[in-house]
Amino acid sequence: GYDLYYKLKTTTVWQKISLNGYSDTSAMINNLTPGATYQWKVRSKCTASLKSQFTAIKKFTLPFTFRQ
């Protein structure tokens, strides 16, 4: 499985999403802020105590949404 961590770039608290199946390679994250930049990192886990190092921290920015 995998541990996916994400956070707003301007904060210090990481949120964790656990993907437990070995074929689970995507996650849906709800309630993100439009126009905000987020950072994320991921690591693989074989057991509770056997985990890889985290990837380098990456970022993404959500587009602004407009309602008419």
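I shall begin with the conventions and then turn to the rings.

This is a predicted model, in which local features need pLDDT of at least 70 and side-chain atom pairs count only at pLDDT 80 or more, while totals for chains, interfaces and linings use all residues. Residues are numbered from 1 along each chain as its sequence is written, and side-chain values use heavy atoms, with hydrogens and water left out.

A search of the whole structure finds two aromatic pairs; rings of Phe, Tyr and Trp (its six-membered ring) pair if their centres lie within 6.5 Å, and planes under 30 degrees apart count as stacked, over 60 as edge-to-face and the rest as tilted. Tyr5 and Phe54 are edge-to-face because their planes stand at 80 degrees, with the centres 5.3 Å apart. This pair links Tyr5 in strand β1 to Phe54 in the loop between β3 and β4, 49 residues apart; strands are DSSP runs of E, at least two residues, numbered from the N terminus. Tyr5 is buried, at 15% relative accessible area, and Phe54 is partly exposed, at 32%; buried means under 20%, exposed over 50%, and partly exposed in between, with a 1.4 Å probe and protein chains only.

Tyr38 and Phe60 form a stacked pair, 5.6 Å centre to centre with 15 degrees between the planes.

Which residue lies over the face of Phe54? That residue is Lys41, at 4.4 Å from the ring centre. The charged end of Lys41 also sits over the ring of Tyr5, 5.9 Å from its centre. The criterion is NZ of Lys or CZ of Arg within 6 Å of the ring centre and within 35 degrees of the ring normal.

Conventions:
Helices (H or I, at least four residues) and strands (E, at least two) are DSSP runs, numbered from the N terminus.
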